[in-house]
Amino acid sequence: MRIALCIALLTAMAGAALATEISLDQRRSGYSFMSADTKAMQDEDTANPGMLFVLDGEALWKRKAGSADKACADCHSDARVSMKGVAAHYPAFEKTLGKPVDLEGRINLCRSNHQQASPFAYESRELLALTAYVAQQSRGVPIAAGDDPDLAPFVEKGHALFVQRQGQLNLACANCHDDNWDKKLAGSPITQGQPTGYPLYRLEWQALGSLQRRLRACITGIRAQAYDYGSPELVELELYLMTRARGMPVETPAVRP
Amino acid sequence: MANSEHTRRTFFGLTGGAAALVIVRPVDATPAMLSAAIRNVVGEANVRTGKVKLDIPPLVENGNTVPMTVSVTSPMTADEYVKSIHVFNEKNPQPNIGNFYLGPRAGRAQVSTRIRLADSQKVTAIARLSDDTFWSATADVVVTLAACTEEAI
Amino acid sequence: MPSALINVPKKAKRGDVIEIKTLMSHIMETGYRHTASGDVVPRDIITSFTCRFNGIEVFRADLYPAIAANPFITFFATVTESGKFEFEWIGDKGFSETASASITVE
């Protein structure tokens, strides 16, 4: 029964023409689609397991590392001041590399260039914790990514990836997240796929995870080969999603089912 | 996940997995494993229905993290209080979920936690009062799994 | 060094019943999962949680694998004097963590 419904819905989606972008007044965070219980988990810091990672990040912020023997705090002092609003502008253009880097990438650049330490692995507890701690300083700040004119071609690439049909299900991200976000798939809301809460605590993961991890899950979902962590495609998708979410407040660390 | 199922589940429940959907309704029968675990706590004592309230939301989004609150009607005075609350499930590999020991100093006989329920099953909460009587509440919880599930480790 | 989050009101009136919320970071590995190669992932859970007030136990819990990752436990206590709540989590693989919170009772 449910299987039949699912397939019918997917077919309907694949058939529909791609709609245009969601207008500002219609943008809705994944939060608004959640049950009262899951919302409560995000709303209260002592109930939000993502805050445990933020605490870890705060400890790491102060810890000296690498052959430079410097802590993040040695250069950036109080994160509550220096990092306020930073995450709302990421991914940002990195001149030396000639391409955008996401917040995780930026932190790892500081690891290697400024601390002379080896970069953290993607999805390592350390990188997630530091990213969550930095991003949490922007909680409530409206997303304002993509301003830098150097980013324009990369936003465009991200957009192209977003509307490109792929995988065995031959679906584009836009088929679900632009055209059918008000519908449900096998009982769960599709949502607009807004990137407002990352890194976030996903009940499914029982852990904190990055936006890249989430995107890889969606790509695997349409039975396409997921891009590698740190690949240009994932950063471009992140960048496009963040520009698409302009004006929405950062929620890190959010909670999602 | 709490269960030992590791088959690859595809996206969107094309193989049957879907959003975690939990429906709570009253039940009766008690399977062997659950009743053995309960006997371990209550011995030969009679367990009566009542006084205990077991709150599990009718709709949860993921069986990995299900909020649960157990409260017991009791004045919580020095001579009339709840000694302990025991929570059991029927189909996880182990029937116990948690034992909670309170006393008159608690002031209110209520505990909350988050539990794992990766399968449709019965959850039972039993309270032991200061007069060593046992009271219980049971809910039948239907869980279907979440979409967008990744591979096991 | 795992993190814990504790919520205890800083102040209360004598005889108040206060709510205490605790969140401890822990994977709560059930011991029932297998790796892709079929090996059992060994159990690694918190097995016991205790809360004491000025040295006297006020709440205790035995936890099993069915408790969700990063255990969240809330309960109540009647406060009659100022003092310190001490929390202790004990688990597999020598896990042992403590935290504390003070309350002023007027």
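A: In chain B, 68% of the contacts between residues at least 6 apart in sequence join residues at least 24 apart, where a contact means heavy atoms within 4.5 Å. This is a predicted model, in which local features need pLDDT of at least 70 and side-chain atom pairs count only at pLDDT 80 or more, while totals for chains, interfaces and linings use all residues. Residues are numbered from 1 along each chain as its sequence is written, chains are lettered from A and ligands numbered from 1 in the order in which they are written, and side-chain values use heavy atoms, with hydrogens and water left out.

Chain B comprises 1 helix and 9 strands; here helices (H or I, at least four residues) and strands (E, at least two) are DSSP runs numbered from the N terminus. From the N terminus, its elements follow the order β-α-β-β-β-β-β-β-β-β. Of the 153 residues in chain B, 56% are buried, a term that denotes under 20% relative accessible area, with exposed set at over 50% and partly exposed in between (1.4 Å probe, protein chains only). The accessible surface of chain B is about 6200 Å², and carbon and sulfur atoms hold 51% of this; such areas come from the Shrake-Rupley method with a 1.4 Å probe, and for residues only the protein chains shown count as cover.

The C-alpha trace of chain A spans about 60 × 40 × 30 Å along its principal axes. Buried residues account for 56% of the 257 in chain A, and 70% of its contacts between residues at least 6 apart in sequence link residues at least 24 apart. Chain A has an accessible surface of about 10800 Å², 55% of it belonging to carbon and sulfur atoms. Its side chains include 28 positive and 29 negative ones, and the centres of these two sets lie 3 Å apart. Lys and Arg count as positive and Asp and Glu as negative, leaving out His and the chain ends; each charge is placed at NZ of Lys, CZ of Arg, CG of Asp or CD of Glu.

Within chain A, helix H10 (residues 211-221) is largely enclosed by the rest of the structure, because 8 of its 11 residues are buried. Those buried residues are Leu211(A), Gln212(A), Arg213(A), Arg214(A), Leu215(A), Ala217(A), Ile219(A) and Gly221(A). They pack against strand E5 (200-202), strand E6 (207-209) and helix H11 (232-244) of chain A.

Over all chains, the structure contains 0 disulfides, that is, pairs of cysteine sulfur atoms within 2.5 Å. Cys173(A) is in no disulfide, and its nearest cysteine sulfur, that of Cys218(A), is 7.4 Å away. Cys173(A) is buried at 17% relative accessible area. Ala174(A) belongs to helix H9 (residues 173-177) of chain A and is buried, at 1% relative accessibility. Its C-alpha atom is separated by 20 Å from that of Ile143(A), 31 residues apart along the chain.

Most residues other than glycine have a negative phi, and most peptide bonds are trans. A cis peptide bond joins Tyr90(A) to Pro91(A), with omega about -5°, and Pro91(A) sits in the loop between helix H5 (79-82) and strand E1 (92-94). Another cis bond, with omega about -5°, joins Thr252(A) and Pro253(A); Pro253(A) lies in the loop between H11 and strand E7 (255-256) of chain A. Glu123(A), a residue other than glycine, has a positive phi near 65°. Glu123(A) is found in the loop between helix H6 (103-114) and helix H7 (125-136) of chain A, and is partly exposed at 21% relative accessible area.
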